[in-house]
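Below is a short report on a protein model.

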Amino acid sequence: MRIRLDGTRAEIVDALFRLRQHFTVTGASRLYPDRGKPHHWRIYLTTTARERK
């Protein structure tokens, strides 16, 4: 599954932490500046669902 995250650096770091609790992140793009929004960034992730225990 591909996921796009948009936001400030702090929001992206928080979202990555939360996503890793439920998904395995198998790939991540570099951080791109968001056009038209200063201090906002975007990153693209490739993930797989974690096995439920």
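Asp34 is buried, at 13% relative accessible area. Buried means under 20%, exposed over 50% and partly exposed in between, with a 1.4 Å probe and protein chains only. Asp34 lies in the loop between strand 3 and strand 4. Its contacts, leaving aside neighbours within four places in sequence, are Arg4, Asp6, His40, Trp41 and Arg42. Contact means heavy atoms within 4.5 Å.

The model is predicted: local features need pLDDT of at least 70, side-chain atom pairs count only at pLDDT 80 or more, and totals for chains, interfaces and linings use all residues. Residues are numbered from 1 along each chain as its sequence is written, and side-chain values use heavy atoms, with hydrogens and water left out.

Pro33 belongs to strand 3, residues 32-33. Strands here are DSSP runs of E, at least two residues, and helices are runs of H or I, at least four; numbering starts from the N terminus. Pro33 touches His40, Trp41 and Arg42, again not counting residues up to four places away in sequence. From Met1, 32 residues away along the chain, Pro33 is separated by 22 Å between C-alpha atoms.

The accessibility values compare as follows.

| Residue | Relative accessible area | Class |
|---|---|---|
| Asp34 | 13% | buried |
| Tyr44 | 24% | partly exposed |
| Tyr32 | 26% | partly exposed |
| Pro33 | 48% | partly exposed |

Next, the rings. The structure holds one aromatic pair. Tyr32 and Tyr44 form it edge-to-face, 6.2 Å centre to centre, with 70 degrees between the planes. Rings of Phe, Tyr and Trp (its six-membered ring) pair if their centres lie within 6.5 Å; planes under 30 degrees apart are stacked, over 60 edge-to-face, and the rest tilted. The pair links distant parts of the chain: Tyr32 is in strand 3 and Tyr44 in strand 4, twelve residues apart.

Trp41 has a charge over its ring. The charged end of Arg9 sits there, 4.4 Å from the ring centre. The criterion is NZ of Lys or CZ of Arg within 6 Å of the ring centre and within 35 degrees of the ring normal.

How many bridges join strand 1 to strand 4? There are six, and the two strands run antiparallel. Strands pair if DSSP finds at least two bridges between them. Strand 4 spans residues 41-49. Arg2 has Thr46 as its bridge partner in strand 4. Strand 1 covers residues 2-7. Ile3, Leu5 and Gly7 make up its covered face, while Arg2, Arg4 and Asp6 make up the uncovered one.
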